[in-house]
Amino acid sequence: MRIALFGYGKMGQMIEQVALKRGHEIVAKIDEHTPNIDFNSMDVAIDFSMPEGAYSNITKCIENNVPIISGTTGWLDKYKDAVALCESKNGAFIYASNFSLGVNIFFELNNYLAKMMHNLPEYKVSLEEIHHTQKLDAPSGTAITLAEGIISNSEYSKWKLDDNSNGSLPITSKRIGKTPGTHTVTYDNIVDSIEIKHTAHNREGFALGAVTAAEWIIGKAGVFSMRDVLNLG
Ligand SMILES: NC(=O)C1=CN([C@@H]2O[C@H](COP(=O)(O)OP(=O)(O)OC[C@H]3O[C@@H](n4cnc5c(N)ncnc54)[C@H](OP(=O)(O)O)[C@@H]3O)[C@@H](O)[C@H]2O)C=CC1
Ligand SMILES: O=C(O)C1=N[C@H](C(=O)O)C[C@H](O)C1
């Protein structure tokens with residue numbers, strides 16, 4: 001498969017390693033200064049860039065009939081526009097806040113736990129995410145997906161960053177050293193606590209998930225998620 005990388009930072013480089021090991025070819029490494037992009041040279045594009053560039057990268061790929069996998073976080077105010085464009089052009093697009101298999105299982109576990117806790121108001125739920133100090137956005141995209149999972153299975157209607165006031169689901173973001181990504185969901189009661197946690201040990205799981213999604217999307221049209229790729233039901 002001929003893969004173009006939009007963004008060749010920490011994730012772009014890890015994806016290159018994983019893609020080459022799986023027998024793919026990297027035909028372009030594109031950043032915000034790349035002048036002319038040859039969309040005919042690629043079978044699929046993978047975008048791990050920056051919040052301000054992601055939407056434009058995604059729309060360019062859709063306009064040029066290139067399937068696009070995006071893992072960039074922090075641009076989701078435009079997600080619905082990207083979906084509408086993809087549908088109108090009969091394109092192929094996957095966004096995931098986290099491409100790792102482990103986190104996608106963790107998302108399912110989080111939804112299941114939220115359903116079980118629904119009628120137990122004595123437990124207060126909170127979220128914590130820890131990432132490396134270079135991360136630009138907070139809370140992490142993964143924490144937002146976890147919060148949305150809890151909200152759709154509980155009485156909460158919104159999440160808030162670093163705010164414990166009643167009525168909103170609190171998310172705490174910490175930036176520590178080179179932490180690849182740690183997410184914890186806690187249900188706290190006076191008598192006990194329930195905690196579920198996912199710890200990424202490195203970036204390989206994210207990269208493998210993104211390359212797997214790129215392999216999966218070839219020949220398909222539509223807007224998909226990692227639930228579709230991993231067949232999680
Ligand atoms: N969904 C998932 O599973 C994961 C998502 N992420 C997300 O992926 C994104 C990238 O993370 P990471 O690789 O760690 O970040 P880096 O900062 O290491 O890399 C980002 C790269 O994108 C380049 N870039 C900036 N603007 C554009 C643009 N418009 N088009 C193409 N490239 C551009 C930057 O170049 P320059 O430095 O020259 O500006 C840089 O090389 C983040 O949003 C992060 O949250 C990260 C890990 C997993
Ligand atoms: O910026 C990162 O590094 C990561 N970003 C994603 C997010 O915002 O959730 C996924 C992963 O946690 C690493």
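Which residue in β2 is the bridge partner of leucine 5? Hi everyone, let's start there. In this predicted model, the partner is lysine 29. That pair belongs to a parallel arrangement: strand β1, residues 2–6, is joined to strand β2, residues 25–30, by five bridges. Between the two strands the chain passes through helix α1, residues 10–21, and the β-α-β crossover it makes is right-handed.

Strand β9 covers residues 182–188 and strand β10 covers residues 193–199; seven bridges hold them in an antiparallel pairing. They form a hairpin, with four residues between the strands. If you want a pair to click on, threonine 182 has threonine 199 in β10 as its bridge partner.

On to the annotated site. An unreviewed UniProt entry gives the feature "binding site" at His132, Gly141 and Thr142. I'd like to look at two of those positions, starting with glycine 141.

Glycine 141 sits in helix α5, residues 141–151. It counts as buried because 21 other C-beta atoms lie within 10 Å, and the cut-off for that is 20 or more. Beyond its neighbours within four places in sequence, glycine 141 is in contact with Thr73, Gly74, Ser97 and Asn98.

Threonine 142 is also part of helix α5. With 25 other C-beta atoms within 10 Å, threonine 142 is buried too. Setting aside neighbours within four places in sequence, its contacts are Ser97, Asn98, Val103, Glu129, Gly181 and His183. So Ser97 and Asn98 turn up in the contact lists of both glycine 141 and threonine 142.

Definitions and conventions:
Residues numbered from 1 in each chain as written. Chains lettered and ligands numbered in written order. Predicted model: local features only at pLDDT ≥ 70, side-chain atom pairs only at ≥ 80, totals over all residues. Pairing = 2+ DSSP bridges. Right-handed = clockwise from strand over helix to strand, strands pointing away. UniProt positions renumbered as here; feature names shortened; annotations may be inferred. Buried ≥ 20, exposed ≤ 12 C-beta atoms within 10 Å, placed from the backbone. Contact = placed C-beta atoms within 7 Å.
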